[in-house]
Amino acid sequence: MVVAPVERYHSHHIGALQEPHERIDWRPEQPRVERVRIKEHTCDCKATFYELCQAAGLMFIRRTHRQMGEVIVHESPWVVAKETQGLWLRLLMGSAR
């Protein structure tokens, strides 16, 4: 019996960075709540990946960067869902970073 290798599932990949682009106000991660729901995420096959998060009635984007064994996490501002969902789409399209 021959077993085919299982291919890794890839999620969204962000688009190429456009010029000009919106600069996201990245801030160091702060432990504000016990639980955060991850609504969407980009593929973690790259050194930097993103998660669209929801907690305490607000949404934000979490950016995780891995380099040489170190993990650095930043967050966008926590705001109402409509604002963050728009920012998430701009991030995916490459018009925000």
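Student: Which residues does Leu58 touch, not counting residues up to four places away in sequence?

Tutor: A contact means heavy atoms within 4.5 Å. By that rule, Leu58 touches Cys53, Trp78, Val79 and Val80, leaving aside residues up to four places away in sequence. Please keep in mind that this is a predicted model, in which local features need pLDDT of at least 70 and side-chain atom pairs count only at pLDDT 80 or more, while totals for chains, interfaces and linings use all residues. Residues are numbered from 1 along each chain as its sequence is written, and side-chain values use heavy atoms, with hydrogens and water left out.

Student: Is Leu58 buried, partly exposed or exposed?

Tutor: Buried means under 20% relative accessible area, exposed over 50%, and partly exposed in between (1.4 Å probe, protein chains only). Leu58 has a relative accessible area of 28%, so this residue is partly exposed.

Student: Where is Leu58 placed?

Tutor: Helices (H or I, at least four residues) and strands (E, at least two) are DSSP runs, numbered from the N terminus. Leu58 belongs to strand S4, and Ala55 stands opposite Leu58.

Student: How do S3 and strand S4 pair?

Tutor: Strands of a sheet pair through backbone hydrogen bonds, either parallel or antiparallel. Two strands count as paired if DSSP finds at least two bridges between them. Here S3 and S4 (residues 58-67) are antiparallel, over eight bridges. Their hairpin has two residues between the strands, and Ala56 takes a positive phi near 50 degrees there. On the other pairing, four bridges join S3 to the antiparallel strand S2 (residues 37-41), with Glu40 opposite Leu52. S2 and S3 form a hairpin with six residues between them.

Student: What is the order of the strands in the open sheet?

Tutor: The five strands follow the order S1-S5-S4-S3-S2, with antiparallel pairing. S1 (27-28) and S2 stand at the edges with a single partner strand each, so one side of each has no neighbour in the sheet.

Student: Which strands does H1 lie across?

Tutor: An angle runs from 0 to 180 degrees between N-to-C directions, and axes are lines fitted to C-alpha atoms, for helices over the stretch in contact. H1 lies across S2, S3 and S4, at about 35 degrees to S4. Thr84 lies in this helix (residues 81-93) and counts as buried at 2% relative accessibility. Among the residues that Thr84 touches are Leu52, Met59 and Val79.
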